[in-house]
Amino acid sequence: MTPRSAQKQHTRHALMDSARLLMDNGRGFGSLSLREVARTAGIVPAGFYRHFEDMDQLGLALVQEVGETFRATIREVRRNEFELGGIIDASARIFLAAVATNRGQFLFLAREQYGGSLPVRQAIAALRQAITDDLAADLKLIQRMPNLDDEGLDLVADLVVKTVFATLPELVDPPAADRPAHLTPETKIIQQLRFIMIGGKHWLYAGKPGS
């Protein structure tokens, strides 16, 4: 990479970091202006356009970034399941550690799945579906729910991913410290995933309407 290319990449990441920094103060992505993002990154507004066409394109770059982090985490969970014979608790903790390490990325994902930018919402929905498809494929490979047909496994995968996405806001913005231990976000997500996976393992009629 040439020095010019490296500098361009550095400035691009600075703009992305600036957007996440502003959001960390409670702002939604849709409320951010191009000018304030550029100012926070230390560049003039005109410089923004050398990297992104508009704020929506910046948002799409943020979705791509967290998507890469998410998919890398899923690969680690997959390794835990396939190679190490992991259990739900261990797999969930791999994900929780990734959220803690990359809080800014997951904060963006948690808030903007229902945010004000349509292109960003659509990109997050596409990411969620891609993760769901990957999980469904994994469930078919590990064969721990032999009673379920492909449609049933698709439903289990959909429920798992939607549960994870729905819990993200609590994971990145933890509730009051006096909340009972069994209601902390970390405990709830592990227990909810247990319910889903154990329920799927013993469900007899998935994929058979009217049964």
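Helices (H or I, at least four residues) and strands (E, at least two) are DSSP runs, numbered from the N terminus. The legends below concern a predicted model, in which local features need pLDDT of at least 70 and side-chain atom pairs count only at pLDDT 80 or more, while totals for chains, interfaces and linings use all residues. Residues are numbered from 1 along each chain as its sequence is written, and side-chain values use heavy atoms, with hydrogens and water left out.

**View 1. The protein chain as a whole.**
The protein chain has nine helices and zero strands, in the order α-α-α-α-α-α-α-α-α along the sequence. Its C-alpha atoms fill a box of roughly 60 × 40 × 35 Å along the principal axes. Of the 211 residues, 39% are buried; buried means under 20% relative accessible area, exposed over 50%, and partly exposed in between (1.4 Å probe, protein chains only). Contact means heavy atoms within 4.5 Å. Among the contacts with a separation of 6 or more, 65% join residues 24 or more positions apart.

A nonpolar core is a set of buried Ala, Val, Leu, Ile, Met, Phe, Trp, Tyr and Cys residues joined through side-chain atoms within 4.5 Å. The largest one has 51 residues, and Phe29, Leu58, Phe95, Phe106, Leu109 and Leu168 have the most contacts inside it. At least two residues of this core come from each of helix H1 (3-23), helix H2 (34-41), helix H4 (55-82), helix H5 (88-101), helix H6 (103-112), helix H7 (118-142), helix H8 (150-172) and helix H9 (185-202). The most come from H8, which gives 10 residues. With neighbours within four places in sequence left aside, Phe106 is in contact with Val66, Thr69, Phe70, Phe95, Ala98, Val99, Leu168 and Val172.

**View 2. Arg20 and Glu65.**
Arg20 belongs to helix H1, and Glu65 to helix H4. Which side chain makes a polar contact with the side chain of Arg20? That of Asp17 does, at 2.3 Å. A polar contact is a pair of N or O atoms within 3.5 Å; within protein, one must be able to donate a hydrogen and the other to accept it, and residues adjacent in sequence count only if both atoms are side-chain atoms. Arg20 has a relative accessible area of 13% and is therefore buried. Glu65 is also classed as buried, because its relative accessibility is 16%. Leaving aside neighbours within four places in sequence, Arg20 is in contact with Leu62, Glu65, Gly104 and Gln105.

**View 3. The packing of H5 against H9, with Ile88.**
H5 and H9 pack at an angle of about 135°, and their axes are 10 Å apart. Axes are lines fitted to C-alpha atoms, for helices over the stretch in contact, and angles run from 0 to 180 degrees between N-to-C directions. The two helices are therefore oblique to each other; angles under 35 degrees count as roughly parallel, over 145 as roughly antiparallel, 65 to 115 as roughly perpendicular and the rest as oblique. The crossing of H5 past H9 is right-handed. A crossing is left-handed if the near helix is turned anticlockwise from the far one by less than a right angle, and right-handed if clockwise. H5 contributes Ile88, Asp89, Ala92, Arg93, Phe95 and Leu96 to the contact, and H9 contributes Glu186, Ile189, Ile190, Leu193, Arg194 and Met197. Ile88, in helix H5, counts as partly exposed because its relative accessibility is 23%. Not counting residues up to four places away in sequence, Ile88 touches Ile190, Leu193, Arg194 and Met197. Ile88 and Gln191 are 103 residues apart in sequence, with a C-alpha to C-alpha distance of 9.0 Å.

**View 4. The packing of H7 against H8.**
The axes of H7 and H8 are 8 Å apart, at an angle of about 130°. H7 is therefore oblique to H8. H7 passes H8 in a right-handed crossing. Residues of H7 in the contact include Ile124, Arg128, Ile131 and Leu135, and those of H8 include Leu153, Ala157, Val161 and Phe165.

**View 5. Helix H2 and the residue after it.**
The buried residues of H2 are Leu34, Glu36, Val37, Ala38 and Ala41. Gly42 follows H2 and has a positive phi, near 85°.
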